[in-house]
Amino acid sequence: KYILTMDQDSSFREADITQHLMTSLQVMADQSIAVVSPVFTSHVNLNVRTELFEADSSITSGSVLRLTAWQLVGGLKSKFFMDQIDHEFCIRLRREGYKVIVNPQAYMSHSIGNPITKILR
């Protein structure tokens, strides 16, 4: 029914993954919820919220996804670059009436890609 997606640069502490999975399964009793996402260590103002909240989009790494929603919208589209894949996926889910929820009680270590600066001459 659900899948936890992870990137190679993401990890949870045991207590956080346990809390995240338990909360996700409880929350997904609501059939309108397609994604439950953790917060990750590079988030700004990490401790501002303590309750679950709805978001426009989230990264998929560390997220619990409802497989029927995934299948309905056709999964992730590889033609998009990195994080845009995640946001575009969430847009399609929301168009179908699904919700994206963030669980601020679950912390995940995650590295945002390293940008490269090039000077064109």
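Helices (H or I, at least four residues) and strands (E, at least two) are DSSP runs, numbered from the N terminus. By that reading, this protein has three helices and six strands. The model is a predicted one: local features need pLDDT of at least 70, side-chain atom pairs count only at pLDDT 80 or more, and totals for chains, interfaces and linings use all residues. Residues are numbered from 1 along each chain as its sequence is written, and side-chain values use heavy atoms, with hydrogens and water left out.

**Overall picture**

- Along the sequence, the elements follow the pattern β-β-α-β-β-β-α-α-β.
- The protein has 121 residues, of which 39% count as buried. Buried means under 20% relative accessible area, exposed over 50%, and partly exposed in between (1.4 Å probe, protein chains only).
- The accessible surface comes to about 7700 Å², and 53% of this surface belongs to carbon and sulfur atoms. Accessible areas come from the Shrake-Rupley method with a 1.4 Å probe; for residues, only the protein chains shown count as cover.
- Among contacts with a separation of 6 or more, 80% are between residues 24 or more positions apart. Contact means heavy atoms within 4.5 Å.

**Strand β3 and its surroundings**

- Strand β3 covers residues 33–40, and eight of its eight residues are buried.
- β3 and strand β5 (residues 64–66) run antiparallel and are joined by two bridges. Two strands pair if DSSP finds at least two bridges between them.
- V36 has V64 of β5 as its bridge partner.
- A34 is located in β3 and counts as buried because its relative accessibility is 2%.
- Leaving out residues up to four places away in sequence, A34 touches M28, V64, L65, R66, A69, L93, Y98 and K99.
- A34 and W70 are 36 residues apart along the chain, while their C-alpha atoms are separated by 7.8 Å.
- S63 sits in the loop between β4 (53–55) and β5. This residue counts as buried because its relative accessibility is 0%.
- Residues up to four places away in sequence aside, S63 touches I3, L4, T5, H20, V35, V36, S37, P38 and S58.

**Nonpolar cores**

- In soluble globular proteins, nonpolar side chains tend to be buried together.
- A nonpolar core is a set of buried Ala, Val, Leu, Ile, Met, Phe, Trp, Tyr and Cys residues joined through side-chain atoms within 4.5 Å.
- The largest nonpolar core has ten residues: A34, V35, L65, A69, V73, F89, C90, L93, Y98 and V100.
- At least two residues of this core come from each of β3, α2 (67–73) and α3 (83–95). The largest share, three residues, is supplied by α3.
- V73 is in contact with F89, R92, L93 and E96, leaving aside its neighbours within four places in sequence.
- Another core lies apart from the largest one and has six residues, including M28, V36, V64 and I101.

**A nonpolar surface patch**

- L4, M6 and L21 form a nonpolar patch on the surface, with about 210 Å² of accessible area together.
- Patches are made of residues with over 30% relative accessible area and no salt bridge; like charges are joined within 9 Å, and nonpolar side chains (Val, Leu, Ile, Met, Phe, Trp, Tyr) within 5 Å.
- L4 is part of strand β1 (residues 2–4) and counts as partly exposed, at 33% relative accessibility.

**Salt bridges**

- Side chains of opposite charge can pair when their charged atoms come close.
- A salt bridge is a side-chain nitrogen of Lys or Arg within 4 Å of a carboxyl oxygen of Asp or Glu. The structure holds two salt bridges.
- One of them joins the side chains of D56 and R94, at 3.5 Å from N to O. D56 lies in the loop between β4 and β5 and R94 in helix α3, so this pair ties together parts that are 38 residues apart in sequence.
- D56 is exposed, with a relative accessible area of 54%, whereas R94 counts as partly exposed at 34% relative accessibility.
- R92 forms a salt bridge with E88, and the closest N and O atoms are 2.7 Å apart. R92 and E88 are separated by about one helical turn because they are four residues apart in helix α3.
- R92 counts as buried at 13% relative accessibility, and E88 is buried with a relative accessible area of 16%.
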